[in-house]
Amino acid sequence: MFSPGTNTAYSNIGYYLLARIIEKVSNKTYADYLKVNIFEKCKMNNSGVITNDELISHKARNYIRSENKYLNNPYINWEFNIGHDGIYSTVEDLVLWDKALYGTTILTTEMKKLMFTSYNEQNWGYGFMINPFYNHGHQLIAHDGGFFGAMTSLNRFTNDHVFITVLSNNQSLSHIIAYGLSGIMFQKDVEIPYKHYRTKIDTSLYDKYKGKYDNNIEILKIDDKLYYNSIETELIPESKTKFFRSDNNDRTIEFIKEKSDNYNAVIITNGGVKEIVKRSIP
């Protein structure tokens, strides 16, 4: 993609290679190296690296969701899936990890400066995103991730010393839940989750709703249906002006009616946090 040292790009394969390098240089397994150099030093007694053989006490079972029902997690060979996935932990242990990153037990001040600096347009540092767009206007060092049967969100609001983490064993959208929780922490008006029901409305209204909005949002009308950015995400009406997304009921869009009977702005709700987005100027 580019010459070494000239750019950066986030890559699971890159982190797999780093894990193999750690094993080569240290002459230890990746699991043993992290146990000695991170988990034991931070007193993270309920954290480790999943292997094919180790029995992990009290570990939650993992599930995947398929066609609106849950299934047992598929088999994963952990011999070939290290570096970018496979660490288990608890909320309490991750609090210890957060505290360690404020000190120098694990990383020196110089190392942390390297780690927590943004190096590209996607705001990637070393393994963390630095001040991503969902930071509520507060200094944020964060990372979300998921694999079969798991979805996690880790958010460090470092100037506020606020730490929010959400762990899921069924691929629930932890990052959306964490976004709502952080909105509550920063005293934003957060809508409480509720049951969404489809209702019938006059679809001729869709002609007034369709179009391009800021933040790269496009509302599409195809065959008397509304879609969010692509035909993969249908907008399902729960009132004349408010819709919920087919891929996640708790992400809603409400069209704002003006006195002129036009609709030039929408209220986007993610995890209950509301944001007004205006129609793009042609």
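Visitor: What is the strand order of the open sheet of 4 strands?
Guide: The order is E5-E6-E7-E8, with antiparallel pairing. In general, strands of a sheet pair through backbone hydrogen bonds, either parallel or antiparallel. Here two strands pair if DSSP finds at least two bridges between them. Strands (E, at least two residues) and helices (H or I, at least four) are DSSP runs, numbered from the N terminus. This is a predicted model: local features need pLDDT of at least 70, side-chain atom pairs count only at pLDDT 80 or more, and totals for chains, interfaces and linings use all residues. Residues are numbered from 1 along each chain as its sequence is written, and side-chain values use heavy atoms, with hydrogens and water left out.

Visitor: Which strands stand at the edges?
Guide: Strand E5 (129-130) and strand E8 (162-168) do. Each has a single partner strand, so one side of each lacks a neighbour in the sheet.

Visitor: Over how many bridges do E7 and E8 pair?
Guide: Strand E7 (residues 150-157) pairs with E8 over 7 bridges, in the antiparallel sense. Look at Thr152: Leu167 in E8 stands opposite.

Visitor: Which strands does helix H5 touch?
Guide: Helix H5 (residues 174-185) packs on the sheet and touches strand E6 (141-147), E7 and E8. Contact means heavy atoms within 4.5 Å. The direction of H5 makes about 150° with that of E8. H3 lies across E7 and E8, at about 145° to E8. Axes are lines fitted to C-alpha atoms, for helices over the stretch in contact; angles run from 0 to 180 degrees between N-to-C directions.

Visitor: Which residues touch the most other members of the largest nonpolar core?
Guide: A nonpolar core is a set of buried Ala, Val, Leu, Ile, Met, Phe, Trp, Tyr and Cys residues joined through side-chain atoms within 4.5 Å. Buried means under 20% relative accessible area, exposed over 50%, partly exposed in between (1.4 Å probe, protein chains only). Of the 22 residues in the largest core, Trp97, Phe116 and Phe128 touch the most other members. Helix H2 (30-39) and helix H3 (91-102) each supply at least two residues of this core. Another core, of 17 residues, lies apart from it and includes Ile201 and Tyr206.

Visitor: Where is Asp224, and what is its phi?
Guide: Most residues other than glycine have a negative phi. Phi of Asp224 is positive, near 60°. Asp224 is in the loop between strand E10 (217-222) and strand E11 (225-228). Asp224 is partly exposed, with a relative accessible area of 46%.
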